[in-house]
Amino acid sequence: MAPARNAPCPCGSGKKYKKCCGAKSRPVGSKDVTKAYVTNIKGTPTVPVGAREWPVHRAYVPLEDAWKATGMGTAGIVRVGPEGMLHAAWFWLDLRDGGLANIFGKQGLTEKQLGDFEKKILPDVPPCVQGSADDAALYVWGAHAMSPHGFPPGLSEPYLALLPAPRGTPASMKKRLLGMTPPELQRVIRRNPVPDDVPAGKDVVIITRMTFAVRDQARVKGVLDGCSPDFARNGDGRYTRTRPYPKGHTSPLALFGGRQIVGDVTIEGSRLVAEARTLSLAAGLVGKLESALGDMIALESTEWTDQEALLQQT
């Protein structure tokens with residue numbers, strides 16, 4: 001998988017991938033339009049002929065609550081080719097980064113190779129769950145319609161060809177996607193576009209506060225108590241969510257095996273409040289909470305406080 005556009009460049013320059021080797025890899029004539037970098041296990045992938053008729057092995061859709069709270073998620077599809085091998089594509093969706101931020105996948109996989117690849121990539125992408133191919137296509141084509149610069153066809157077609165065909169015009173697909181996104185989140189995103197000068201591993205502060213209904217407080221606490229060090233208890237009903245620093249993160253603590261603080265969780269009565277300082281951290285936080293707690297919690301509301309709002313409060 002190629003690095004995400006805003007991830008540290010693997011060459012070690014300290015720049016974002018899109019500002020370093022990602023920019024150098026753009027095809028001639030695609031200046032300022034390449035929005036994705038796709039890779040294959042054996043080099044450049046081919047466009048699979050008739051792939052939309054192949055059986056769907058499984059599909060992924062963004063975790064609904066993560067999407068509602070952050071406008072981030074991952075969609076994916078795996079089909080069985082006529083030769084019996086698996087062909088997979090994943091789509092990194094991020095409304096702050098133009099809708100469709102990254103595409104990656106592999107062709108000609110065995111079940112074991114697919115499983116190994118999913119174990120490697122899924123923990124590092126915005127949260128997703130298994131769903132239908134049609135729902136995956138709804139998210140991807142909507143995000144694709146939002147992307148301001150589009151994607152060079154030679155890079156995107158091998159993966160878009162695995163999706164069910166788009167239904168409707170680009171405008172109608174974009175409208176459906178935004179219809180699943182809270183209006184206030186859309187306003188926050190418009191006020192806070194991804195700037196090119198933000199260092200790799202950093203992001204703009206958008207404090208995201210998510211409130212969940214809790215069905216069984218004692219049971220929820222018991223589960224989180226057993227999730228150390230991912231959730232470190234720091235009081236009765238209070239936890240700090242941490243994780244290993246992502247590869248290439250610029251923090252000095254990353255060099256010494258430290259853990260990155262993702263956010264805070266507080267359980268009071270029948271409510272669980274989870275708070276993170278950026279949308280990307282919030283997406284990971286709600287994904288981890290719902291993975292651990294399942295239907296023991298249910299998202300009720302989200303509040304966003306960006307730098308503009310913080311300045312107004314001072």
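Reader: Which residues touch the most other members of the largest nonpolar core?
Author: Phe 91, Leu 93, Leu 100, Val 140 and Leu 163, out of 32 residues in that core. A nonpolar core here is a set of buried Ala, Val, Leu, Ile, Met, Phe, Trp, Tyr and Cys residues joined through side-chain atoms within 4.5 Å, and buried means under 20% relative accessible area with a 1.4 Å probe, protein chains only. This is a predicted model, where local features need pLDDT of at least 70, side-chain atom pairs count only at pLDDT 80 or more, and totals for chains, interfaces and linings use all residues. Residues are numbered from 1 along each chain as its sequence is written, and side-chain values use heavy atoms, leaving out hydrogens and water.

Reader: And what does Val 140 contact?
Author: Beyond its neighbours within four places in sequence, Val 140 contacts Ala 75, Phe 91, Leu 93, Leu 100, Leu 160 and Leu 163; contact means heavy atoms within 4.5 Å.

Reader: Switching topic: is Thr 240 buried or exposed?
Author: Thr 240 counts as buried because its relative accessibility is 14%.

Reader: What does its side chain make a polar contact with?
Author: The side chain of Asn 234, at 2.7 Å. A polar contact is a pair of N or O atoms within 3.5 Å; within protein, one must be able to donate a hydrogen and the other to accept it, and residues adjacent in sequence count only if both atoms are side-chain atoms.

Reader: Which others does Thr 240 touch?
Author: Not counting residues up to four places away in sequence, Thr 240 touches Asp 230, Phe 231, Ala 232, Ile 261, Gly 263 and Asp 264, among others.

Definitions and conventions:
Buried means under 20% relative accessible area, exposed over 50%, partly exposed in between (1.4 Å probe, protein chains only).
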